[in-house]
Structure formats: structure tokens, C-alpha cells
Amino acid sequence: QVQLVESGGGLVQPGGSLRLSCVGSGFMFNVDAMGWYRQAPGKQSVLDRELVATVFSDGTTNYADAVKGRFTISRDNAINTAYLQLTNLKPADTGIYYCNAPRRPRALAWGQGTFVNVTS
């Protein structure tokens with residue numbers, strides 16, 4: 001049974017930092033590219049989830065322009081975990097963050113996500 005469990009979100013002031021974690025199980029975590037998605041407040045559809053960062057099985061990374069230089073994605077295949085380090089956070093970064101495998105033709109079962117709220 002595929003499972004993705006995100007954690008690490010919270011309330012943070014602009015300019016602050018957070019570290020998100022995603023633990024995957026039930027699939028070949030070490031061979032899949034893993035990505036972090038963001039769903040902005042008020043957006044209801046899965047299709048509204050924006051891919052903000054990807055880490056490939058070889059450690060190569062890719063970022064959306066909006067987060068480049070501020071977010072860092074990484075992975076630890078030994079414990080089936082992907083991370084997203086968020087720094088210099090802005091109110092526009094507010095949203096629910098999900099992880100998934102962006103190179104699969106069909107998304108894995110989505111987890112519950114973790115909410116990041118950037119506000120003063």
C-alpha cells in the first residue's frame with residue numbers, strides 16, 4: 001500500500017525558515033524522482049498543485065522560478081525520506097505542501113500534506 005506522509009509545516013514570519021519532510025512507503029522510493037507541490041489557499045483541485053521542487057534519483061534537482069535560491073530539496077533513500085528546506089519565506093509561499101513522484105504517468109496516492117502559513 002502506497003503511503004506518503006508529509007510533516008514539518010507551521011506558522012512562520014516572513015523571512016523565516018522551515019524544513020518539511022516526506023516519508024514514502026509501498027513503492028520503490030530510491031528509483032523515483034520525488035517532488036514537492038504547493039497548493040495555494042482557496043485552490044481546491046489537485047490540478048492546482050504547483051510543482052515547486054524535484055529531486056531525481058541521482059540527486060539532481062530542479063526548482064520553479066518562484067522558489068529558486070530560497071528552497072532546497074534533498075532526499076535520504078536509506079530512510080525513504082524527501083526534504084524541502086524553506087528559507088526567506090514570503091507570504092506567497094503560504095499553502096499546503098505535498099510530496100509525490102512527478103515523473104510517474106499517474107501520481108501516487110496523495111498524502112494529507114503539511115500546511116505552511118507565512119504571516120506577520
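In strand 8, Ala82 is the bridge partner of Arg75, and this pairing belongs to a structure built from two open sheets, one of six strands and one of four strands. The model is a predicted one, in which local features need pLDDT of at least 70 and side-chain atom pairs count only at pLDDT 80 or more, while totals for chains, interfaces and linings use all residues. Residues are numbered from 1 along each chain as its sequence is written, and side-chain values use heavy atoms, with hydrogens and water left out. Strands here are DSSP runs of E with at least two residues, numbered from the N terminus, and two strands pair if DSSP finds at least two bridges between them.

**The sheet of four strands**

- The four strands of this open sheet follow the order 1-3-8-7, and their pairing is antiparallel.
- Strand 1 (3-7) and strand 7 are the edge strands, since each of them pairs on one side only.
- From one strand to the next the twist averages 15°, where the axes are lines fitted to C-alpha atoms and the angles run from 0 to 180 degrees between N-to-C directions.
- Six bridges hold the antiparallel pairing of strand 7 with strand 8, and Asn80 lies in the loop between these two strands.
- Asn80 has a phi near 50°, which is a positive value in a residue other than glycine, and with a relative accessible area of 25% it is partly exposed (buried means under 20% relative accessible area, exposed over 50%, and partly exposed in between, with a 1.4 Å probe and protein chains only).
- Asn88, which is found in the loop between strand 8 and strand 9, also has a positive phi, near 45°, and is partly exposed, with a relative accessible area of 43%.

- Strand 4 (residues 34-39) pairs with strand 9 (residues 95-100) in the antiparallel sense, over five bridges.
- Gly35 has its place in strand 4, and its bridge partner in strand 9 is Asn100.
- Gly35 is buried, with a relative accessible area of 1%, and the C-alpha atoms of Gly35 and Thr54 are separated by 4.1 Å although these residues are 19 residues apart along the chain.
- When residues up to four places away in sequence are not counted, Gly35 touches Leu51, Ala53, Thr54, Ile73, Tyr98, Cys99, Asn100 and Pro102 (contact means heavy atoms within 4.5 Å).

**The nonpolar core**

- The largest nonpolar core has 27 residues, and those with the most contacts inside it are Met34, Trp36, Leu84, Leu86 and Tyr97 (such a core is a set of buried Ala, Val, Leu, Ile, Met, Phe, Trp, Tyr and Cys residues joined through side-chain atoms within 4.5 Å).
- At least two residues of this core come from each of strand 3 (18-25), strand 4, strand 5 (50-55), strand 7 (71-76), strand 8 (81-86), strand 9 and strand 10 (114-118).
- Leu86 touches several residues beyond four places away in sequence, including Leu18, Leu20, Phe71, Tyr97 and Val116.

**Salt bridges**

- A search of the whole structure finds five salt bridges (a salt bridge is a side-chain nitrogen of Lys or Arg within 4 Å of a carboxyl oxygen of Asp or Glu).
- One of them joins Asp32 and Arg104, whose closest N and O atoms are 3.0 Å apart.
- Because Asp32 lies in the loop between strand 3 and strand 4 and Arg104 in the loop between strand 9 and strand 10, this pair ties together parts that are 72 residues apart in sequence.
- Asp32 is buried, with a relative accessible area of 10%, whereas Arg104, at 34% relative accessibility, counts as partly exposed.
- Asp93 forms a salt bridge with Arg38, the closest N and O atoms being 2.9 Å apart, and this pair links the loop between strand 8 and strand 9 with strand 4, across 55 residues.
- Asp93 also meets Arg70 in a salt bridge with an N to O distance of 2.7 Å, and since Arg70 lies in the loop between strand 6 and strand 7, the pair ties together parts that are 23 residues apart in sequence.
- Asp93 and Arg38 are both buried, and Arg70 is buried as well.
- Through salt bridges that share partners, Arg38, Glu50, Arg70 and Asp93 are joined into one network.
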